[in-house]
Each structure stands twice: as C-alpha cells, then as structure tokens.
Amino acid sequence: MTSAPANLLAVRSLLLTYLNVDKNVVRDQDLEPAEVGIVGDPSHRGGYHCGSDRVVTNDYSVVESIRDSSGLTLYASALDVGTFSVRSGGATHTLRTFSTWLVAQCAANAADTRDIREVIYSADGRTVRRWDRLGRRTSGDSSHLYHTHISFFRDSTRAGRDQTPLFRRYLTAIGLIAPATPEDDMEQTDKLIGNTGSANRTVGDVLADLQNLRNWLISPVNTVGLVNPPLANSPLQQMLAMLRTWPALVAQVNELSGRDFTDEQQIVTGVLAGLPPEKIAEAIPPQIARDVADELSRRLTA
C-alpha cells in the first residue's frame, strides 16, 4: 500500500511546527495538519502522490525520468502545502509568497532543491503555474489555487534523503527560525569561505563531490549510476586505480617496519676484513689478546 516516507514526514512536521501558530485552535491563517498531505486519497491513481501499487500505464511520475523509474517504491513522493498567513520580521508570509520563494530557489538550481521535480502553484490566486525541472509542463488544475504541490524525484525518496534543509532555510529567511551562529553546524546551502575557483560553491557541492569520489574509488570502471565517472584509461582513472592499491602498500610497509634487517656478524666481518693485523691487535685489550693467543695455540697443536 502507498505510504508516506520518513523524509517527507519530517518536512511536514517541520512546517507544522512553525506555521501552525496555535495547535489547539483551527484558524484560517494557520497551516493545519489536514492541509499538508503526502499520500493521495484511496481513489487517487497516478502521479507522485502514489506509490508503485497505484501508478498507471505511462505514468508521467515514472516514465519521464530515470530518477523516477529507478526509484519507484510503495512510497508517495510529493507534498501538498495548504494556505497559511503568518507575521514575522515585519512582514506577512503566505502560501503565495512561500511558493514564489520556492520556485525562485528551484529555478536558481540551489543545491537543496535538486531533488524537486516540479512545483505546481499560484502566485496571485488566479492563475495556476508549474515549474518543471524537465520542462514538460507549465500549468495545473484549479485546485492549486489553494494549495501548492511539490513533487520529489522518486530516487531521493527511495534513498531517504533529508529534504528539510530547504524548508528550514525558508523558515529562517522569514524569521521564524533563528539564523545559525558561527558555532552551529553549517547548512549544505552555505557557500564556502575560501576561494576554490568557484564563487557559488556550497558545502553541499563539496559533500556531493566527496560522495562521488568515494563511489569512484570503490566501483569498477563503467559502473552504471555513478555521477560523471572518470573515463577508462583517463589520467584520473589511472590515479584512482593506483589509490585502490594504497591499503595493500600500507600493509606491506607496516610489515617491513617490524623486521630487524641488521646482520651484526656481517658488519663485524666486513670491518675486520678492512683492517691490517697490527691494527686489529692494537684494538684488542691485553687480557683478551692473551686468551685469544692461548686459544689459537690450542687449536694449532690439537
């Protein structure tokens, strides 16, 4: 049966925590629990509100992207947000202003929006619009005058990827969540402080690159599904192949470091061979010299 994934339930909980002003009273300006939906009603068939048991033939939420077809599960992969109105930071924030902000972030390809396939919304309460990452559609039905629909690529739902940073960023932008202090953990959307040659590079970009590098290191050449994998026989691929042997090299060095390669007898023999007899005699203490002479005499007469 189609069910709600934990990552979208977390987004729902976050929005209700800050936009349901008085949880004990139903008011027009509050975002009520019934207005934040993930799973379609039992008669709903097809689309991102449905899991694999409710999709239809040539369902656009499955066939138009490999990210959807490869991520299809029993999880719904969409979120509906209803009307609300809150005062914060000297301004009034509503579903329409939220939707406009969200679409602007998606259009700018912000790092924390890249799992969003589409947003169906109304900026003015009269015309329904659709932002579609794949550029397939531009509008929706009239129900979206009163709620905003957000579809997430199904592979992100299947992976359980955290979707709260984007919505937390919105709540921070309108003043409902205090901005992070320097001591707080960084958000994935934070830009890097140092100059890396890309002015818009974010923490999320770095984490994605590190994950890709990890995948390259542990995956054979031409593995399907890697993001921008290095080509076979390219300098990067050759370097990665060398890095894969690194643990074995470290183990060999550690083993050799524990061995004693000193051959004292060979050293003594080599030193003595380079000295004349009189120098050897001078270096031997008198008592040891007498003992050696006695021992040599014994051996010669034996």
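Before the sheet, one term: two strands count as paired if DSSP finds at least two bridges between them. By that rule S5 and S6 are paired, in the antiparallel sense, over four bridges. One of those bridges puts Tyr121 with Arg129, its partner in S6. Please keep in mind that this is a predicted model.

Some overall numbers, then. The protein chain has 302 residues, and 33% of them are buried. It contains twelve helices and seven strands. If you take contacts between residues at least 6 apart in sequence, 57% of them join residues at least 24 apart.

Now the sheet. What is the order of its strands? It reads S1-S2-S7-S5-S6, five strands in an open sheet with antiparallel pairing. At the edges are strand S1, residues 36–37, and strand S6, residues 129–132, and each of these pairs on one side only. As a reminder, strands of a sheet pair through backbone hydrogen bonds, either parallel or antiparallel.

S5 covers residues 116–121 and S7 covers residues 147–152, and four bridges join the two, running antiparallel. Within that pairing, Ile120 has His149 as its bridge partner in S7, and Glu118 stands opposite Ser151. Is S5 enclosed or open to the outside? Six of its six residues are buried, so S5 is largely enclosed by the rest of the structure.

Helix H1, residues 6–19, lies across S1, S2 and S7, and it runs at about 15° to S2, which is the strand at 78–82. Helix H6 spans residues 164–173, and its buried residues are Thr164, Pro165, Leu166, Phe167, Tyr170 and Leu171. What do these buried residues pack against? They pack against H1, S4, S5 and S7, and also against helix H4, residues 95–107. After H6 comes Gly175, with a positive phi near 90°.

In soluble globular proteins, nonpolar side chains tend to be buried together. The largest nonpolar core here has 32 residues, and the members that touch the most other members are Val81, Phe98, Leu102, Ile116 and Phe167. H1, S2, H4, S5, S7 and H6 each supply at least two residues of this core. Take Leu102 as a case: leaving out residues up to four places away in sequence, Leu102 touches Ile116, Val119, Ile150 and Leu166.

Next, the rings. How many aromatic pairs does the structure hold? There are five. One of them is Phe98 with Tyr170, an edge-to-face pair at 4.9 Å centre to centre, with 65° between the planes. Phe98 is in helix H4 and Tyr170 is in helix H6, so this pair ties together parts that are 72 residues apart in sequence. Phe98 is buried, at 1% relative accessibility, and Tyr170 is buried too, at 2%.

Tyr170 has a further ring partner in Trp101. The centres of those two rings are 5.2 Å apart and the planes are at 55°, so this pair counts as tilted. Trp101 is in H4 and Tyr170 in H6, so here the parts tied together are 69 residues apart in sequence. Trp101 and Tyr170 are both buried. Taken together, ring pairs link Phe84, Phe98, Trp101, Phe167 and Tyr170 into a cluster.

Last, a histidine. His93 is found in strand S4, residues 91–94. Is His93 buried or exposed? The cut-off for buried is under 20% relative accessible area, and His93 has 12%, so it is buried. Not counting residues up to four places away in sequence, His93 touches Phe84, Ser85, Val86, Ser88, Tyr170 and Ile174. As for Ile174, it is 81 residues from His93 in sequence, while the C-alpha atoms of the two are 7.5 Å apart in space.

Methods:
Residues are numbered from 1 along each chain as its sequence is written. This is a predicted model: local features need pLDDT of at least 70, side-chain atom pairs count only at pLDDT 80 or more; totals for chains, interfaces and linings use all residues. Side-chain values use heavy atoms; hydrogens and water are left out. Contact means heavy atoms within 4.5 Å. Axes are lines fitted to C-alpha atoms, for helices over the stretch in contact, and angles run from 0 to 180 degrees between N-to-C directions. Buried means under 20% relative accessible area, exposed over 50%, partly exposed in between (1.4 Å probe, protein chains only). A nonpolar core is a set of buried Ala, Val, Leu, Ile, Met, Phe, Trp, Tyr and Cys residues joined through side-chain atoms within 4.5 Å. Rings of Phe, Tyr and Trp (its six-membered ring) pair if their centres lie within 6.5 Å; planes under 30 degrees apart count as stacked, over 60 as edge-to-face and the rest as tilted.
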